[in-house]
Amino acid sequence: MTDDATTAPAATDTLGYEQARDELIEVVRRLEAGGTTLEESLALWERGEELAKVCRHWLQGARARLDEALAQPGKEQPEGQGDAG
């Protein structure tokens, strides 16, 4: 039986955040359900680790972009986004 969890890790280079997150959710679901061999479980675990790295990469990039945007002088916050008083 062919298993999506054993696809080449290089394929994660082209995954978007949502794709990686959704596949990671499925990997976790399958691991929690049990019923897989040790080899299948290890392959799923390794795939999950790769997918988690992709998600972290995307989130770190988003955080860096947000920090950069907030650090730019002269940028005003949109209405309703300032301090509530």
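Leaving aside neighbours within four places in sequence, which residues is C55 in contact with? The residues are Y17, A20 and R21. The model is predicted, and the values below are computed from it.

## Overall layout

The protein has two helices and zero strands. It counts 85 residues, and buried ones make up 18% of them.

Contacts reach across the sequence. Take those between residues at least 6 apart: 76% of them join residues at least 24 apart.

## Helix α1

Helix α1 covers residues 17–33. Its 17 residues should span 24 Å at 1.5 Å a residue. The end C-alpha atoms are 24 Å apart, so expectation and model agree. After α1 comes G34, which has a positive phi near 75°.

E18 is found in α1. Its relative accessible area is 48%, so E18 counts as partly exposed. E18 and W58 are 40 residues apart in sequence, yet their C-alpha atoms are 9.7 Å apart in space.

D22 also lies in α1. At 43% relative accessibility, D22 is partly exposed. From D22 to L51 the separation is 29 residues in sequence and 9.4 Å in space, C-alpha to C-alpha.

## Helix α2

Helix α2 runs over residues 38–71. It has 34 residues. From first C-alpha to last it reaches 49 Å, close to the 50 Å expected at 1.5 Å a residue.

Which residues of α2 are buried? They are A43, L44, R47, G48, L51, A52, V54 and C55. What covers them includes α1.

## The nonpolar core

The largest nonpolar core has seven residues: L15, A20, V27, L44, L51, V54 and C55. Helices α1 and α2 each supply at least two residues of this core. The largest share, four residues, comes from α2. In soluble globular proteins, nonpolar side chains tend to be buried together.

C55 ties back to the opening question. It belongs to this core, and A20, another core member, is among its contacts. R21 is also in contact with C55, and R21 takes part in a salt bridge as well.

## A buried arginine

R47 is found in helix α2. Is R47 buried or exposed? It is buried: its relative accessible area is 5%, and buried means under 20%. The side chain of R47 has a polar partner. It makes a polar contact with the side chain of E23, at 2.7 Å.

## Salt bridges

How many salt bridges does a search of the whole structure find? It finds four. Three of them, including one that pairs R29 with E26, are set out here.

| Salt bridge | N to O distance |
|---|---|
| D22 and R21 | 3.1 Å |
| R29 and E26 | 2.4 Å |
| K53 and E50 | 3.8 Å |

Start with D22 and R21. D22 is partly exposed at 43% relative accessibility. R21 is partly exposed too, with a relative accessible area of 31%.

Next come R29 and E26. They sit three residues apart in helix α1, so about one helical turn separates them. R29 counts as partly exposed at 46% relative accessibility. E26 is partly exposed as well, at 33%.

K53 and E50 belong to α2. They also lie three residues apart, about one turn of the helix. K53 has a relative accessible area of 46% and is partly exposed. E50 is partly exposed at 24%.

## Putting it together

Two helices make up the helical content, with zero strands. The buried residues of α2 have α1 as part of their cover. L44, L51, V54 and C55 are buried residues of α2 that also belong to the largest nonpolar core. R47 is buried in α2 too, and its side chain meets that of E23 in a polar contact. D22 links two themes: its side chain meets R21 in a salt bridge, and its C-alpha lies 9.4 Å from that of L51.

Definitions and conventions: Residues are numbered from 1 along each chain as its sequence is written. This is a predicted model: local features need pLDDT of at least 70, side-chain atom pairs count only at pLDDT 80 or more; totals for chains, interfaces and linings use all residues. Side-chain values use heavy atoms; hydrogens and water are left out. Buried means under 20% relative accessible area, exposed over 50%, partly exposed in between (1.4 Å probe, protein chains only). A polar contact is a pair of N or O atoms within 3.5 Å; within protein, one must be able to donate a hydrogen and the other to accept it, and residues adjacent in sequence count only if both atoms are side-chain atoms. Contact means heavy atoms within 4.5 Å. A nonpolar core is a set of buried Ala, Val, Leu, Ile, Met, Phe, Trp, Tyr and Cys residues joined through side-chain atoms within 4.5 Å. The expected span of a helix is 1.5 Å times one less than its number of residues.
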